[in-house]
Amino acid sequence: MAEVNLRTPVSQEESQALRVGDIVSFSGEFMFCRDKAHARLLDFAHRQRPIPVRMEGMPIYHAGPVVRGQDRSWRIIAAGPTTSFRMEEYEAHILRYYKPRIIVGKGGMGKTTSEALVDTGGAYAVFPGGAALLAARRIKEVIGVYWIDLGIPDALWHVRVEEFGPCIITMDSTGESLHEKISSESLGRLRGLLSG
Amino acid sequence: MLQEGVLVEKVKKLLRKAETCLPDDAIEALREAYELEGSSLARMQIQALIENSRIACEASLPICQDTGMIGFYVSVGDRAHLPGWFTSCLRRAVSELSDELPMRPNLVSALGRQNLGNVGACAPDVWIEQVPGDDIELAVLPKGGGSENMSSLAMLKPWEGLVGIRRFVLSQIQNCGGQPCPPTIVGIGVGGGADVAARLAKKALLRSLKERNGDPELARFEMTLREEANKLGIGPMGLGGRTTVLGVNVEVCDCHIASLPVAINMHCWASRRAKMMISAQGEFRYLSHEVE
């Protein structure tokens with residue numbers, strides 16, 4: 001278990017070295033990206049259309065913020081993570097095509113994403129769900145917002161973060177998943193309770 | 001006399017409190033959870049939640065970026081008068097506070113997925129019922145999407161009883177893992193039809209964590225379920241630990257001879273709720289929070 005601060009863009013060497021249990025904070029650029037933006041990223045990949053920002057090595061953050069302001073004066077007020085599992089359909093493709101290498105969310109993801117993390121040398125991390133103001137304090141600036149037609153929560157918010165954490169690595173490039181471990185252990189305990 | 005403009009402002013204060021300050025019992029439950037947890041990982045999560053809640057209340061900012069879908073529960077005393085414009089005032093309060101707090105625009109058309117802000121068809125949800133009394137009680141429950149998605153309904157066989165309910169609830173808690181932002185508050189609605197059970201499950205989330213069901217057997221059932229759920233080891237944010245649920249609240253109605261409907265509605269750790277009383281003279285009293 002290590003404590004690391006990673007600067008973005010995150011290289012494959014850096015993401016590949018992360019292990020379940022590591023506590024990480026990130027400094028640099030982050031991209032907010034939830035359901036609708038995932039669907040559009042995938043659509044653009046299929047049609048080989050350019051996207052507004054270079055995503056290689058830039059962590060994807062499963063979140064939709066509360067914001068104040070407009071146009072060039074956006075301020076992020078609250079920005080905790082959303083449930084990552086909804087993105088399970090998309091994430092493996094996104095990891096392989098856009099190479100963000102790091103996914104930050106909450107609640108964990110499934111087998112398909114885990115396999116893609118192994119293939120691409122990536123890692124998945126959780127930030128405490130609902131700790132929206134702690135997250136917002138680590139977001140220093142909105143660099144840009146794209147695809148705002150998707151709605152404020154669903155747009156791509158490109159932000160500058162400083163020591164964004166504590167993020168706990170729960171899925172790594174060796175295929176280990178804390179979520180799968182907890183899930184199978186708790187299933188065992190459930191069976192024990194129900195048969196007792 | 002109750003006046004429209006005054007009601008809107010009072011409801012906005014109520015909703016602001018709900019969105020920014022956890023009720024005392026919820027904070028206390030998180031502190032107890034912190035003490036109970038053994039691992040540094042679990043403690044780190046709970047500590048973040050407590051710290052985040054403190055900042056939210058002090059700065060009057062939303063605890064969570066998911067400011068939720070807003071549900072209002074109106075209990076109208078049978079000797080009270082509910083003005084015809086009451087619901088429209090609730091809608092106005094949500095709309096205005098969305099800009100002022102601000103709240104995230106969380107509402108979309110169900111199929112077109114067009115963002116609508118926070119007010120639309122069936123939103124805010126306003127549930128009105130008549131109860132004995134002179135006053136109007138108004139409760140508000142902002143409900144996040146992540147925890148709402150973990151809701152479930154089972155139409156059990158009548159003979160399954162509490163054993164069947166226990167099996168269904170524990171299985172569902174296990175199945176949800178870290179997704180509803182545990183430690184959660186588990187609302188369970190039993191009886192009625194499918195719709196009534198679902199309504200009861202959500203309404204159960206309005207109850208304080210310190211308060212048990214009035215029926216001693218059900219009160220014991222709530223405590224046993226809480227204890228058993230916490231043996232599953234899912235823990236804060238699903239990362240493992242001793243606190244998977246902060247409380248279990250069961251609400252029951254009578255039902256059809258052929259049925260035993262059971263619904264589950266979970267609330268994330270941020271058990272946001274607030275309540276106030278409106279007297280026949282148009283006086284307001286906040287019950288869940290201190291409001292200046």
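Helices (H or I, at least four residues) and strands (E, at least two) are taken here as DSSP runs, numbered from the N terminus. The model is predicted, so local features need pLDDT of at least 70 and side-chain atom pairs count only at pLDDT 80 or more, while totals for chains, interfaces and linings use all residues. Residues are numbered from 1 along each chain as its sequence is written, and chains are lettered from A and ligands numbered from 1 in the order in which they are written.

**Contact between the chains**

- Counting two residues as in contact if their C-beta atoms, placed from the backbone, lie within 7 Å, the contact takes 40 residues from chain A and 42 residues from chain B.
- On the side of chain A that touches chain B, two or more residues come from each of strand S4 (66–68), strand S5 (75–78), helix H5 (132–137), S9 and H6 of chain A, and H6(A) gives the most, with 11 residues.
- That side of chain A divides into 23 nonpolar, 13 polar and four charged residues, where Ala, Val, Leu, Ile, Met, Phe, Trp, Tyr, Cys and Pro count as nonpolar, Asp, Glu, Lys and Arg as charged, and the others, Gly among them, as polar.

**Helix packing**

- Helix H6 (residues 178–195) of chain A packs against helix H6 (residues 161–176) of chain B at an angle of about 170 degrees, with their axes 10 Å apart; axes are lines fitted to C-alpha atoms, for helices over the stretch in contact, and angles run from 0 to 180 degrees between N-to-C directions.
- H6(A) and H6(B) are therefore roughly antiparallel to each other, given that angles under 35 degrees count as roughly parallel, over 145 as roughly antiparallel, 65 to 115 as roughly perpendicular and the rest as oblique.
- This contact is made by A:Ser186, A:Leu187, A:Leu190, A:Leu193 and A:Leu194 of H6(A) together with B:Arg167, B:Leu170, B:Ser171 and B:Gln174 of H6(B), and by class it has five nonpolar, three polar and one charged residues.
- Within chain A, the axes of helix H3 (residues 88–98) and helix H4 (residues 111–120) come within 8 Å and cross at roughly 10 degrees, and these two helices are therefore roughly parallel to each other.
- The residues of the contact of H3(A) with H4(A) divide into four nonpolar, three polar and five charged.

**Nonpolar core**

- A nonpolar core is a set of buried Ala, Val, Leu, Ile, Met, Phe, Trp, Tyr and Cys residues joined through C-beta atoms within 7 Å, and of the 138 residues in the largest one, A:Ala125 and B:Ile188 touch the most other members.
- The largest share of this core, nine residues, comes from strand S9 (residues 156–171) of chain A.
- Leaving aside residues up to four places away in sequence, A:Ala125 touches A:Val24, A:Ile102, A:Val104, A:Cys167, A:Ile168, A:Ile169 and A:Thr170.

**Backbone features in chain A**

- With 12 C-beta neighbours inside 10 Å, A:Glu163 counts as exposed; a residue is buried if 20 or more other C-beta atoms lie within 10 Å of its own, exposed if 12 or fewer, and partly exposed in between, with C-beta atoms placed from the backbone.
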